[in-house]
Amino acid sequence: MRARTASTLVASLVLALAAGPLAVPAFAAPPSDTAPATTGHGTEGPGRSDGTNGPGRSDGPDEEALRAALSDVPNQHATAALVRVGDPDGDWHGSAGVRDLTGDRPALPNARFRAGSITKVVTAATVLRLAAQDEIDLDAPVQGYLPDLFTPEFGQPISVRHLLNHTSGIKPGDGLGEDFAEVYAHRFETLTPQEVAASAIAKGPEDFTPGTRQQYLNINYTILGLLIEKVTGHSYASVATRLVLRPAGMRHTYFPGTDPRIRGPHNRGYQAVERPDGTTELLDVTEWNQADRWAAGDVISTTADLEKLLTRLFRGKIVPQPELEEMFTTPAGVPGAERSAGLEYTEVDGEVFWGKSGSRYGYSAVIGGTRDLSRTLVSSVNSTDAKSAGPKPVLDRITMAALK
């Protein structure tokens, strides 16, 4: 079936934004006629990169479910979707949707996108590499590394490990607004990581002892970025590139700094906004200064690069033992802790998967896999409500189809 024209496509996308909840793994982002879904490896057509086409193998991903998850994109929830699922027998690649809403050009399967909090995987790996090189002590108080940042109110030691596993008790930093309308109006302004960290410290510590409660916040990784710069004397981006991106072979991944653009091929991102008359408008949110997200969430990447990160990281090619164990160890004695250094885990049908989700306006992404890499998933969805705490139907269905 042909993709709709731009005007008809836009009309179909803004009809409604409603979907029932789905049972999804923890690291799935918290979430009509259609353009055709394209699946397969490269230009070889539908199927697996090991050359086996047709129905899914019993020991591989459910290809029929994956195709079904992509089949109605674009829709009111997403304008494009990119998927890579791997197992020891090969990879399954898929893409669906459109490049933008000005025409019916198919989505670019090799597109760059904002990976959001998946940046934390890179930051954690960078810190652990520095720990392996004896440049950082994971048990040392971060106050000792960054004495000018912390105030006397922070009398209890906060270790580097507390930052890595989100048990620090540091309150969130300020942003450029409290809701979408406000941050959208300021999207080209620069809020520096130093300003974000200072605003968090000014609020004083939480009322729990560091290491006793897990509270997922960007501020932990913003401060880790400052720590990386302090101990190395170089920018966060340059150190993370040298210690993680290059060893992983991530040639199409970069940190944008204050540049609001996505350089290179990309599919545009949109946010659904309700107008005063009750209708819905899709705002283009592709260009956005992400400086305040920094080491917690500003990386731009591709599905192929993130697959390299996942597989080489899990194989110990980036972070050596024993530091790698930090990424597969949740803090002991912390009730309900599901997060480790940079990752989090979930259990699906008795099998444990480790991964990370990320989102920025217009873009939702997820990476994950079993520790032995018997199944891996990397997905990017141009979600029309990417920062919502509710379900993201397209990304959720992809995640469940890939991990079942």
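Modeller: Helix α9 (residues 236–248) packs against α11 at an angle of about 100°, and their axes are 8 Å apart. Axes here are lines fitted to C-alpha atoms, for helices over the stretch in contact, with angles running from 0 to 180 degrees between N-to-C directions. Helices (H or I, at least four residues) and strands (E, at least two) are DSSP runs, numbered from the N terminus.

Biologist: What does that make α9 and α11 to each other, roughly parallel or roughly perpendicular?

Modeller: α9 and α11 are roughly perpendicular. Under 35 degrees counts as roughly parallel, over 145 as roughly antiparallel, 65 to 115 as roughly perpendicular and the rest as oblique.

Biologist: Which residues make the contact?

Modeller: From α9 they are V244, P247 and A248, and from α11 K308, L309 and R312. Contact means heavy atoms within 4.5 Å.

Biologist: Before we go on, what sort of model is this?

Modeller: This is a predicted model, in which local features need pLDDT of at least 70 and side-chain atom pairs count only at pLDDT 80 or more, while totals for chains, interfaces and linings use all residues. Residues are numbered from 1 along each chain as its sequence is written, and side-chain values use heavy atoms, with hydrogens and water left out.

Biologist: OK, aromatics. How many aromatic pairs does the structure hold?

Modeller: There are 11 aromatic pairs. Rings of Phe, Tyr and Trp (its six-membered ring) pair if their centres lie within 6.5 Å; planes under 30 degrees apart count as stacked, over 60 as edge-to-face and the rest as tilted. One of the pairs is W288 with Y361, which is stacked, at 5.2 Å centre to centre and 25° between the planes.

Biologist: What does the pair of W288 and Y361 tie together?

Modeller: W288 lies in the loop between β6 (280–284) and α10 (294–297), and Y361 in the loop between β9 (351–360) and β10 (363–369), so the pair links parts that are 73 residues apart in sequence. W288 is buried, at 5% relative accessibility, and Y361 is buried as well, at 17%. Buried means under 20% relative accessible area, exposed over 50% and partly exposed in between, with a 1.4 Å probe and protein chains only.

Biologist: And F328 with W354, stacked or edge-to-face?

Modeller: F328 and W354 are edge-to-face, with 5.4 Å centre to centre and 85° between the planes. F328 is in the loop between α11 (303–314) and β8 (344–348), W354 is in strand β9, and so this pair ties together parts 26 residues apart in sequence. F328 has a relative accessible area of 10% and is buried; W354 is buried too, at 9%.

Biologist: Which residues form the aromatic cluster?

Modeller: F180, Y184, W288 and Y361 form one cluster.

Biologist: Which rings have a charged end over them?

Modeller: The charged end of R263 sits over the ring of Y254, 3.9 Å from its centre. R339 has its charged end over the ring of Y216, 3.8 Å from the centre. The criterion is NZ of Lys or CZ of Arg within 6 Å of the ring centre and within 35 degrees of the ring normal.

Biologist: Back to W354. What stands opposite it?

Modeller: Y345 does. β8 and β9 run antiparallel and are joined by five bridges; two strands pair if DSSP finds at least two bridges between them. β8 and β9 form a hairpin with two residues between them, and D349 in the turn has a positive phi of about 50°. Of the faces of β8, E344, T346 and V348 are on the covered one, and Y345 and E347 on the uncovered one.

Biologist: How many residues lie between β5 and β6 in their hairpin?

Modeller: Five, with G278 in the turn at a positive phi of about 95°. Strand β5 (residues 270–274) is antiparallel to β6, with five bridges, and Y270 has D284 as its bridge partner in β6.

Biologist: Which peptide bonds are cis?

Modeller: The bond from V73 to P74 is cis, with omega near 10°, and so is the one from Q321 to P322, with omega near 0°. P74 is in the loop between α2 (63–70) and β2 (78–87) and is buried at 3% relative accessible area. P322 is in the loop between α11 and β8.
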